[in-house]
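Please look over the chain below.

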Amino acid sequence: MAQQPEFHKVHHNLDTRRQDGIRRRGYLYLSICLIPLILLGSIYLASWVSRAGNPPLRLPIEVSGVKAIDPHNLHIGPAEAGGWPFFALLARTLSRAPNPAGQMGAFSLPLPPSPSNFGRNIPVGHDPTTAPQNEPFIAINPTNPNNLLIGANDYREGDARPGYYVSRDAGQSWQDGLLPGFPPASLLAGGDPVVAYDHSGTAYYAAINFSRSLCNAGGISLSRSADGGSTWDSPAWVVSNTTTTFQDKVWLAADAHESSGGKGQIYLTWVEYQYAGDCNGSILRTTVKFAGSEDKGKSFENSRSLSGAESAYPQATAMTVGPDGEIYVIWAAQNPTSGGSRLVLARSTNGGVSFLPNEIIREINPLPSTLPGSSFRVNSFPALASDPVSGTLYLVWADYAQGDSDIMLLRSPDHGDTWEGPVRVNDDPNGNGKDQFFPAIAVGPDQQVHISWYDRRDDPANYLYGVYATQLDPANLTPSRNGRVSSLLSDPSYQFAGTFIGDYSGIAASSSGVFPAWTDVRPTGYNDLNQDIYTALPVRDYETVISPLTATISLQPGRQETQTLWLQNVGLLTETYTIRIAPFRTIELLELPGHASTPITMGLQTPQNASEGSHISQTVTILPASEGSQLLTASILGVAAFGPPGWVVNRADTTLSPFDPLTGARFAAIQGAFAPSDITLTRDGQRGYVSNRKDGGIWVLDTLRHAYVDQLPTPNNRVAAQLLLSVDESNLYMVLPGYGVGSVHLATGSTTSVPLPGAWSIAQQAGSGYLWVSAGAAAEIHLVDMTGERRVQSRQVGISSLMGIAATLDGRFVYGVSGNGILVEVDQRSLEVRQIPGNLPSGYSLALRPGSDEIYVTSGPTGNIVGIFNRQGQIDTIQVGAGPKFVVFSQDGTWAYTSNSIENSVTKILAPSRTVYNTIEVDRGPHGLAIPSRARIYLPWSGR
């Protein structure tokens, strides 16, 4: 078989039914790529923290746009359905691949005024889980331009399903759901979503469907909605898979032109893979297929093959319909002679009854399968659009001719006979090593051409991506200056182990505005760091944009910092603004003429009497003077520290010791009239819960103010041994220990309680209301349904004095350690108990290192080591201070911390190298330990 082009992402190479050798090599290559990234990131972090002089502590602050940011595969087809087998589980977790060196979890970078009229970013879904959504396609109803429809891969039920998102107010609000009529996700999944409206406003949704185990299951389906996308008919099967063929990468178009003779017709194009033998064999050929429907998709006729001898291994079809009903189908293919890559066009002037001979548009330079420094797959799939008035064609793709990825544009004014260009769309410096990819293109009724794409120019490390856009006037072939659409950058390393963020993005244009759609991974404060679908609202004539930027405020007492805030008036009126900076009441007047961009310089100063950990709040209020203008308010909130502190509870002297988890700096301890035992923090690190072993109750801690603000009761004033805050932070669980009378309670909003003999330690099964509980002296591990107040499973583990417990993210395995150092593993599916070999003199607690298979086990109050295990056995030990009790990890797995009860210290460990980094002195009797999920604070400016 001839070598396939690099962009030819034959999705079958990630199938679980492919040969074992291919899969093993894929895992090996991924491991070889990721290990150096982890080590480089750790080395950089260590060198950064250890720099001499300790510069002033700073808080990066994200400034939003017009409005505030809300705080609150495994089949024979494409990997958007899950990729490797374990992705179906990872999709429901906050799993994250390591960032390149120096990323440090940053999500926001400076953004200058944008010429593209995009404002507030809007999440279109309301999925309450942490499941991902990706690979969006967007369409606008021609009979109602306020009616928008997005299709995307949606994993809320565990596997990829066709998700729909519909708006009736031009993107201000959205309804979402999964297309009805599909079998359970365990049997059939869906992907490659594409949506369209016909001239009457009927909505259509096409997707590929497939089985995990059956070669001949699934195919291509089409769903219809008569109400603009709110409700959907059961899907109709257009074409089915067989044991030797698989249907992939479907595209949908509707002839919605009033002047067209084919008005109302629906067209589908896709790629068919043919195998030698069955779908476990090699690919013999791929063919571009086409079919049309004259009855609103109830039946399809004129099914034909489009690709010919000019195309080897064609893939990635796209299609558009011109104003006279002409049909254009574009695809990427291998040059059968040279082995290079090319773009090929097929066109029909009679509604798909016949097609003219295929035309080779041009040879291209395809992107590598993954961009340097990244793990997610990319491609050079073309995108095509036509002018609804003149019929001019516009074609974009991602090209690698300059050693990085650029967006290229071609234009044909004569229905594809000749092509002008190519023109480089992205306007960053040529050959600067920054990548642009996944372009989308649309032409509005005003004949303006709009292009959007993913762009990494704003990240010095060329890793995080934003969404950029530009506009092209039909009078010339020169794009306007690029502008960033997304108010925050996205981190592709979250979910799918960083290997998948979709294969394309979307954009649509109408009289209601231009709406890009993209896969976004931003820290929202709720369901953090999972893939969601976003769009951006167009800026109206009366609006003024505060362009996002990263404001850095020095927090040393008395130190002054000057920042520049960009205002862009995209309206038509000249307006006067009053800028107030509180608490210093600096007032300036600024006249902002229509369509102007003006910088405002603000002087920000920390009060001389600011103490470490104190609040510092400065508010900038921008008041438009002209009547009818809207109020914009921006606030900065910071603390005089690097970020939320880490905390260790000291049982011997009833204090809590805060410390900076990055620098190790110690803050003053706070006193409480109780004997604290354990502590847990919210993800943002701004609130903590502390158990009271003296007289019961759970104290609520405001970590930024270093003060207790509330107390939660415990049943009968019993003492709580361990606390656990659920992943979604909606529930707080506590263990009330006792020999034979222990129990687990829900402390927030309910008195839910499950009695368990000798309950001692708890761990949450990811994404559920289930807990794993160790039963201490009873030598049992229990799986508990807290919502149903019952034990689901109980398992004897054969060791007494069961202390710490921890569960894997997917809930498959739970680990427990006994007081005499025995480590056991319980398989939830089989309930098999297995002892993991090792030589640990005693045991107290354990933690699973994020992003690895390592298990850290403390040797407890009688030891001085942390044992490092994997599933096969003990692999190392680390000498820490005397009496290590608890061990916790930073979110990225870079750092481990142990509380050493005898030495009165916290030991910080650089986990990749398993070496002690430094020791933090604390007060007497350190016990429970917690650090915030994020190393730094990222707070939004509040909007209007």
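This is a predicted model: local features need pLDDT of at least 70, side-chain atom pairs count only at pLDDT 80 or more; totals for chains, interfaces and linings use all residues.

Residues are numbered from 1 along each chain as its sequence is written, and side-chain values use heavy atoms, with hydrogens and water left out.

**Nonpolar cores**

- A nonpolar core is a set of buried Ala, Val, Leu, Ile, Met, Phe, Trp, Tyr and Cys residues joined through side-chain atoms within 4.5 Å. Buried means under 20% relative accessible area, exposed over 50%, and partly exposed in between (1.4 Å probe, protein chains only).
- The largest nonpolar core holds 69 residues, and Leu-252, Val-329 and Leu-395 touch the most other members.
- Beyond its neighbours within four places in sequence, Val-329 has contacts that include Thr-269, Val-288, Leu-306, Met-319 and Phe-355. Contact means heavy atoms within 4.5 Å.
- A second, separate core has 42 residues, among them Ala-398, Ile-407, Trp-453 and Leu-529.

**A four-stranded sheet**

- Strands β57, β58, β59 and β60 form an open sheet in the order β57-β58-β59-β60, with antiparallel pairing. Strands are DSSP runs (E, at least two residues), numbered from the N terminus. Two strands pair if DSSP finds at least two bridges between them.
- The edges are β57 (846-848) and β60 (873-879), each pairing on one side only.
- On average, neighbouring strands of this sheet are turned by 25° against each other, direction ignored. The axes are lines fitted to C-alpha atoms, and angles run from 0 to 180 degrees between N-to-C directions.
- Antiparallel strands β57 and β58 (residues 855-858) are joined by 3 bridges. Leu-846 stands opposite Val-857 in β58.

**Ser-510**

- Ser-510 sits in strand β27 (residues 506-510). With a relative accessible area of 17%, Ser-510 is buried.
- The side chains of Ser-510 and Ser-512 make a polar contact of 2.8 Å. Such a contact is a pair of N or O atoms within 3.5 Å; within protein, one must be able to donate a hydrogen and the other to accept it, and residues adjacent in sequence count only if both atoms are side-chain atoms.
- Leaving aside neighbours within four places in sequence, Ser-510 touches Ile-140, Pro-145 and Pro-445.

**Tyr-689**

- Tyr-689 belongs to strand β42 (residues 687-692). Tyr-689 counts as buried because its relative accessibility is 13%.
- Outside four places in sequence, contacts of Tyr-689 include Asp-678, Trp-699, Leu-712 and Leu-732.
- Tyr-689 and Leu-724 are 35 residues apart along the chain, and their C-alpha atoms are separated by 9.1 Å.
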